[in-house]
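Hi,

Here is the structure I promised to pass along. Have a look at it first, and then read on for what I found.

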Amino acid sequence: MTALTLTQICKSFGPVDVLKNIDLSVEEGEFVVFVGPSGCGKSTLLRVIAGLEDATSGEVRIGGQRVNTTPPAKRGIAMVFQSYALYPHLTVRGNMALALKQEGQSRATIDARIAEASRMLNLEPYLDRRPSELSGGQRQRVAIGRAIVRQPQLFLFDEPLSNLDAALRINTRLEIANLHRTLKGAMIYVTHDQTEAMTLADKIVVLRDGRVEQVGSPMDLYNNPANRFVAGFLGAPAMNFIDAATVGGPAGHSLGIRPEHLHIGADGPLSGQVTHVERLGGDTNVFVEAGTDQPLTIRLFGQHDIAIGSSIGLGYDPRQALLFDAEGQRRPH
Amino acid sequence: MNIARHSRLNTLAMHGALIVYTLIALFPVFVILINSFKSRRAIFREPLALPDAESFSMIGYQTVMKQGDFLLYFQNSLIVTVVSLFFVLLFGAMAAFALSEYRFRGNTLMGLYLALGIMIPIRIGTVAILDMMVATGLVNTLWALILVYTAQGLPLAVFILTEFMRQVSDDLKNAGRIDGLSEFTIFFRLVLPLVRPAMATVAVFNMIPIWNDLWFPLILAPAEATKTLTLGSQVFIGQFVTDWNAVLSALSLAILPVLVLYVIFSRQLIRGITSGAVK
């Protein structure tokens, strides 16, 4: 069954069109990530799905039901917010119980669900604490627990990891991935971080300026981006773009090469001066000024001793390079 | 105190300045208090001396207790102040929530209109207010005072609380909506506790002028049954003779309830329950 169907969703704030004709479907048990630069409308889209904003036009269906006029609490959704949004006056237990009490669940059901959620999230020792007595990571787990106990058809995550530090972010990312495997519910996850998108998603939806740029599996989007925006947005370090004419391609087009597809070799068609080297231990990123708009980035595996200022030649496999026309659309070559 | 950032000299100077200011601020209260326990002659002979065995006298308090119904005046003042504050806070917070939370046509205009009251003193409208009170038969009732003070306090309350409510996290309110809380529950259970310090500020700002007001009680409710404390104390101040013992005693007694209310609100002022709600 389809967990969520969006049909021709538009949203305007006064004269500003934030979402433009969004069509999308999310299957049962699917993990979908909305990703895009800030201001692309991804959070607004999530709020439209949640019912916190009304769609200006279009139809939202959750579990087959049209929910355009259904209040958020009755849509069968649960949401995790970036700022945790825990109720400061309630304990962890109270935070998780509130929505269930509002639904009119029995005392026993509430207790059972809280027990299960707190076991899954290792929150048992903290059930009687207030949010102010918890660390950031614990607060975010409570927020996730508050969503789990409702057993929703659809989980909505609004940049849940943005307030956590780097180490905790990776841990919580793993936890969310595990939760998705355990709960098997459909999840929609909004982020501006392409790493989170790539690691968590079954399906990535890339948004820009209120439009869907491309939908697909992470590897699909990485290997076959539909346009220059998607190619440049996914992947870190970002894809290199060079004027196709400089390497014998059609004029006006640009050639996109992933940093790991460039290699150092005197016989290559490109050459330049090393301006900076990032040594990460496992990888080495080399930045080269090669007369292109942006310096080129080369990602080498392992550790390499490359002097800054040295001149190097660069080569690539033409089969791994992607061709984009002047409008940024992908072209076969 | 962090030793690295505070030199001993700075700390001393800071505390010195604060102590001096405290002394200056408390001096009049102190003088009122000590003189309320002295005989009339001792008040004039040595106004700054502490009451001793010879000059000690409770005559002021006795006069206050005998003259008129001071307990009733107290009660009136307390009722008017507390009920007015309750309405100012309730309606002010509700209006502020609507202004800060909902997008509707004329939102900004409405906010400006409500804030306009801060700049226009309500006493300008005294004659019209008296007319209205006479027409509605509210003259010489406590409701006349409560209504006027509520109207007087609302503009500042709305203005201050709107700003504070804008700072309450949207996520928190939305989490409540998703959990199925009604807008009223969100307002009373989530937003109000978070703006408690602002509510306390508004309460303190409004409390003192209401408690001390002489103007409206004199005009709208001068009857014996509705006299407030400030109005009741005026019997001791005559054109030619003033019973200083009684005036000072009445003033000393009048400080107490305000002190209690202030302590209640100031505890709220410093309680930071917002920590942990949002990052």
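The C-alpha centres of domain 1 and domain 2 of chain B lie 31 Å apart. Please keep in mind that this is a predicted model. In the domain assignment of chain B, domain 1 covers 1–57 and domain 2 covers 66–270.

Where do the two domains meet? There is contact between 7 residues of domain 1 of chain B and 7 residues of domain 2 of chain B. On the domain 1 side, α1 (8–36) and α2 (40–45) of chain B each supply at least two residues. By residue type, the side of domain 1 of chain B that touches domain 2 of chain B has 4 nonpolar, 2 polar and 1 charged.

Now to the contact between the chains. Here 20 residues of chain B are in contact with 25 residues of chain A. On the chain B side, the elements that give two or more residues are α8 (170–178) and α9 (183–194) of chain B. Of these, α8(B) gives the most, with 6 residues. The side of chain B that touches chain A divides into 10 nonpolar, 6 polar and 4 charged residues.

Best wishes

How values were computed
Residues are numbered from 1 along each chain as its sequence is written. Chains are lettered from A and ligands numbered from 1 in the order in which they are written. This is a predicted model: local features need pLDDT of at least 70, side-chain atom pairs count only at pLDDT 80 or more; totals for chains, interfaces and linings use all residues. Domain bounds come from an automatic or database domain assignment. Helices (H or I, at least four residues) and strands (E, at least two) are DSSP runs, numbered from the N terminus. Ala, Val, Leu, Ile, Met, Phe, Trp, Tyr, Cys and Pro count as nonpolar, Asp, Glu, Lys and Arg as charged, and the others, Gly among them, as polar.
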